[in-house]
Amino acid sequence: MAITFTNTIFDDIMESLATLINDEFSVAVYYDEHKGNQSFLLMPDSDELVTYMSTGAQREYNILVNYQLKFGGQYTKNNIKQVSNVMERLKRLILNNVSYSNGEKWFDANISSIEYERDEDDPTLLRGIGTFNCNNIEVI
């Protein structure tokens, strides 16, 4: 007999995160590659067991939230400010949604770190890469 399962990391975590970002920002969210002058790219990073329970398991999920800005002209402090504004706003968005869908989708959510980088091959690209962490309880 085939087992039944839920693709928690994609259906519950990534899709809910994409919905949250889409509702807050006027910037497209993708899963495969960046497109246009600015976009978000979501990529699963890890899925770790926290604990087993009698009726399921608690797991911690990590998703990389990569915001990319392609700017024309010179690299200036305004470009850095634009990327850092988006990442600061993302941190606040997650702080305001620590528990999503009354904890059914996730709880204890946070952006644990953000890295900023300028593309070595294309100096007109700036990125902010945040690590989104959350927990979910899968009921069996």
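Contact here means heavy atoms within 4.5 Å. On that basis, residues 24 or more positions apart account for 59% of the contacts with a separation of 6 or more in the protein chain. The structure is a predicted model. The protein chain has 140 residues, of which 41% are buried, and it contains two helices and five strands.

**Overall architecture**

- Along the sequence, the secondary structure elements of the protein chain follow the pattern α-β-β-β-α-β-β.
- Along the principal axes, the C-alpha atoms of the protein chain fill a box of roughly 60 × 30 × 25 Å.
- The five strands form an open sheet with mixed pairing, in the order β1-β2-β3-β5-β4.
- The edges of this sheet are taken by β1 (29–30) and β4 (107–118); each has a single partner strand, so one side of each is left without a neighbour in the sheet.

**Strand pairing**

- Strands of a sheet pair through backbone hydrogen bonds, in either a parallel or an antiparallel sense.
- The pairing of β1 with β2 is parallel and comprises two bridges; within it, V29 has F40 of β2 as its bridge partner.
- Strands β2 and β3 run antiparallel and are joined by 14 bridges, with P44 standing opposite I63 in β3.
- β4 pairs with strand β5 (residues 125–139) in the antiparallel sense, over nine bridges.
- A hairpin through six residues joins β4 to β5.

**Helix–helix packing**

- Two packed helices are described by the angle between their axes and the distance between the axes.
- For helix α1 (residues 8–24) and helix α2 (residues 77–95), the angle is about 120 degrees and the axes lie 11 Å apart.
- Angles of 65 to 115 degrees count as roughly perpendicular and those over 145 as roughly antiparallel; α1 and α2 are therefore oblique to each other.
- The crossing of α1 and α2 is right-handed.
- On the α1 side, the contact is made by L17, L20, I21 and E24, and on the α2 side by R89, L90, L93 and I94.
- The residues of the contact between α1 and α2 comprise six nonpolar and two charged residues, with no polar ones.

**Packing of the helices on the sheet**

- β4 and β5, which pair in the antiparallel sense, belong to the open sheet of five strands.
- Helix α1 packs on the sheet and touches β1, β2 (38–53), β3 (56–70) and β5.
- The direction of α1 makes about 140 degrees with that of β2.
- Helix α2 also packs on the sheet, where it touches β2, β3, β4 and β5.
- The direction of α2 makes about 170 degrees with that of β4.

Terms used:
Residues numbered from 1 in each chain as written. Predicted model: local features only at pLDDT ≥ 70, side-chain atom pairs only at ≥ 80, totals over all residues. Heavy atoms only, no water. Axes fitted to C-alpha atoms, helices over the stretch in contact; angles between N-to-C directions. Helix = DSSP H or I, 4+ residues; strand = E, 2+ residues; numbered from the N terminus. Parallel < 35°, antiparallel > 145°, perpendicular 65-115°, else oblique. Left-handed = near helix turned anticlockwise from the far one by under 90°. Nonpolar A, V, L, I, M, F, W, Y, C, P; charged D, E, K, R; others polar. Pairing = 2+ DSSP bridges. Buried < 20%, exposed > 50% of the residue type's maximum accessible area, 1.4 Å probe, protein only.
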